[in-house]
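Colleague: I've got this model open on my screen and I'd like to go through it with you. Can we take it contact by contact?

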Amino acid sequence: MFLPQSFHPTWSPSAIKSSLITTASPMSSGMNSDAEFAYGSGHLNPIKAINPGLIYDSNEVDYINFLCGQGYDTRFLRQVTRDNATCSAATNGTVLSDLHYPSFAVFTSSSTTVRRVFNRTVTNVGSPMATYRARVSFRTRTARVRVNPNVLSFTSVGQKLSFQVIIEGTMDASMVSGSLVWDDGVHKARSPIVVFASIS
């Protein structure tokens with residue numbers, strides 16, 4: 001079996017995971033009503049993952065900030081990191097949704113208006129000169145998804161660019177799923193979007 005790590009031995013584990021997630025083929029919620037919570041990003045394609053175009057990469061500091069944002073104190077954090085990592089007032093305020101992970105999920109209630117902003121940074125691992133355009137698929141009349149900026153123009157391999165995904169509105173179903181695809185005409189880096197609600 002072809003694995004991205006064989007072709008990209010310097011990539012981090014999160015970069016490898018990103019390449020597998022963003023190149024997976026979407027599956028139908030008709031197969032399982034739990035949708036992405038059952039089958040994740042879809043059917044993995046290790047051959048496509050060799051050349052994903054863009055990757056969402058996270059480093060050790062990103063995960064430390066994530067754990068601190070989850071409420072870990074320094075003692076528990078060091079049991080995970082096995083080093084002298086610490087949580088501070090700054091990292092304790094880390095927004096959990098800002099971990100550079102190639103998916104977007106929001107939990108809300110059916111009667112509450114939600115607005116969630118996700119900050120992401122992607123790295124170009126495809127063509128040196130590439131322009132990616134955002135394509136959003138999200139089927140609901142009461143909520144919308146915006147991407148800002150919706151065009152990313154790269155001039156070199158390894159270049160990083162940041163963007164925001166803004167999800168706002170109310171829910172008209174217990175769960176709505178969709179996707180964000182960054183498309184440069186050659187590569188399609190797809191990330192699942194899920195908004196789920198408690199029905200009162």
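Colleague: Which residue forms a salt bridge with Asp-183?
Modeller: A salt bridge here is a side-chain nitrogen of Lys or Arg within 4 Å of a carboxyl oxygen of Asp or Glu. For Asp-183, the closest N and O atoms of the pair are 3.5 Å apart. The partner is Arg-135.

Colleague: How many residues apart in sequence are the parts that this pair, Asp-183 and Arg-135, ties together?
Modeller: Helices (H or I, at least four residues) and strands (E, at least two) are DSSP runs, numbered from the N terminus. Asp-183 sits in strand 8 and Arg-135 in strand 4, so the parts tied together are 48 residues apart in sequence.

Colleague: Is Asp-183 buried or exposed?
Modeller: The cut-offs are under 20% relative accessible area for buried, over 50% for exposed, and partly exposed in between (1.4 Å probe, protein chains only). Arg-135, at 42%, is partly exposed. Asp-183 comes in at 15% relative accessibility, so it counts as buried.

Colleague: Before we go on, what kind of model is this?
Modeller: Residues are numbered from 1 along each chain as its sequence is written, and side-chain values use heavy atoms, with hydrogens and water left out. Local features need pLDDT of at least 70, side-chain atom pairs count only at pLDDT 80 or more, and totals for chains, interfaces and linings use all residues, as this is a predicted model.

Colleague: Where is confidence lowest in the protein chain?
Modeller: pLDDT is the predictor's confidence in each residue, from 0 to 100. The chain's mean is 85, and 88% of its residues reach 70 or more. Strand 6 (residues 151-154) has the highest confidence, at 98, while the lowest, at a mean of 60, is in helix 7 (residues 89-92). Where pLDDT is low, the predicted coordinates should not be read in detail.

Colleague: Back to the charges: which residues do salt bridges that share partners join into one network?
Modeller: Glu-168 pairs with Arg-144, with the closest N and O atoms 3.4 Å apart. Arg-146 also forms a salt bridge with Glu-168, at 3.0 Å; that pair links strand 5 to strand 7, 22 residues apart. The network is Arg-115, Arg-144, Arg-146 and Glu-168.

Colleague: And is Glu-168 itself buried or exposed?
Modeller: Arg-144 is partly exposed at 48%, and Arg-146 is partly exposed too, at 29%. Glu-168 has a relative accessible area of 17%, so it is buried.

Colleague: On to the rings. How are the planes of Phe-104 and Phe-118 arranged?
Modeller: Rings of Phe, Tyr and Trp (its six-membered ring) pair if their centres lie within 6.5 Å; planes under 30 degrees apart count as stacked, over 60 as edge-to-face and the rest as tilted. These two are 5.3 Å centre to centre, with 80 degrees between the planes. Phe-104 is in strand 2 (residues 104-109) and Phe-118 in strand 3 (residues 114-124), so the pair ties together parts 14 residues apart in sequence. The arrangement is edge-to-face.

Colleague: Which peptide bond is cis?
Modeller: Look at the loop between strand 5 and strand 6, where Pro-149 is found. Omega is near -10 degrees for the bond from Asn-148 to Pro-149.

Colleague: Last one: is Arg-82 buried or exposed?
Modeller: Arg-82 lies in the loop between helix 6 and helix 7. Its phi is near 60 degrees, a positive value in a residue other than glycine. At 72% relative accessibility, Arg-82 counts as exposed.
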